[in-house]
Amino acid sequence: KQCPIMMKRYISISLSLALGLMAVGGCTDSFDDRMVHEAQSFTKQHCPKRLDNVTTLDSATYDVTSRTYARWFSLSPEAAAATRGHEVSVRQGLVSELLSDVTLSECKAEKIAFRYVYHSADTKEVVIDLTITSADYGQ
């Protein structure tokens, strides 16, 4: 059975993040302050965002202490069941996406971590919780 999480649908999410950082880039806030603001703005303006018929982006957060940008997703019950056990392939896809995503170059240069949390929409049980660090994406 193939994992229902497809990586290409996140292009608009990363582009929104990069554009948001550029929009507030002229401010005197630190990078971390801008990331907190961008995550909050993105969540307020774009979430929840239905990515496909099984996945919803619920929110984005940025934790200054750990320097982690997190995206929180809900999966349909069927997709959650099908996704269990596919952590390795999901991680590989997400790392590949980060490696090729030039819109996140500022974030990658700052060596932030990217966290992806997928939970079942009905039970709220976390199905996958992955963190990708700069060691994973080569910075």
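Colleague: Which residues does Ile112 touch, not counting residues up to four places away in sequence?

Modeller: Contact means heavy atoms within 4.5 Å, and on that criterion Ile112 touches Phe31, Met35, Tyr62, Arg67, Tyr69, Cys107, Ile132, Ser134 and Tyr137. Bear in mind that this is a predicted model, in which local features need pLDDT of at least 70 and side-chain atom pairs count only at pLDDT 80 or more, whereas totals for chains, interfaces and linings use all residues. Residues are numbered from 1 along each chain as its sequence is written, and side-chain values use heavy atoms, with hydrogens and water left out.

Colleague: Which residues touch the most other members of the largest nonpolar core?

Modeller: A nonpolar core is a set of buried Ala, Val, Leu, Ile, Met, Phe, Trp, Tyr and Cys residues joined through side-chain atoms within 4.5 Å, where buried means under 20% relative accessible area, exposed over 50% and partly exposed in between, using a 1.4 Å probe and protein chains only. The largest one here has 30 residues, and Tyr69, Ile112, Phe114 and Tyr116 touch the most other members. At least two residues of this core come from each of H2, S2, S3, helix H3 (77–83), H4, S4 and S5; these labels denote DSSP runs numbered from the N terminus, with helices being H or I of at least four residues and strands E of at least two.

Colleague: What covers the buried residues of H4?

Modeller: Helix H4 (residues 87–100) has 14 residues and reaches 20 Å from its first C-alpha to its last, close to the 20 Å expected at 1.5 Å a residue, the expected span being 1.5 Å times one less than the number of residues. Its buried residues are Val90, Gly93, Leu94, Val95, Glu97 and Leu98, and their cover includes strand S3 (68–75), helix H5 (105–109), strand S4 (113–120), strand S5 (126–132) and helix H6 (134–137).

Colleague: How many salt bridges does a search of the whole structure find, and which residue pairs with Asp32?

Modeller: Side chains of opposite charge can pair when their charged atoms come close. A salt bridge is counted when a side-chain nitrogen of Lys or Arg lies within 4 Å of a carboxyl oxygen of Asp or Glu, and the search finds six. Asp32 pairs with Arg67, the closest N and O atoms being 2.9 Å apart; because Asp32 lies in helix H2 and Arg67 in the loop between S2 and S3, the pair ties together parts that are 35 residues apart in sequence. Asp32 is buried at 17% relative accessible area, whereas Arg67 is partly exposed at 23%.

Colleague: Which residue meets Asp129 in a salt bridge?

Modeller: Asp129 forms a salt bridge with Arg115, with the closest N and O atoms 2.6 Å apart, and this links distant parts of the chain, since Asp129 is in strand S5 and Arg115 in strand S4, 14 residues apart. Elsewhere, salt bridges that share partners join Asp32, Arg67 and Glu110 into one network.
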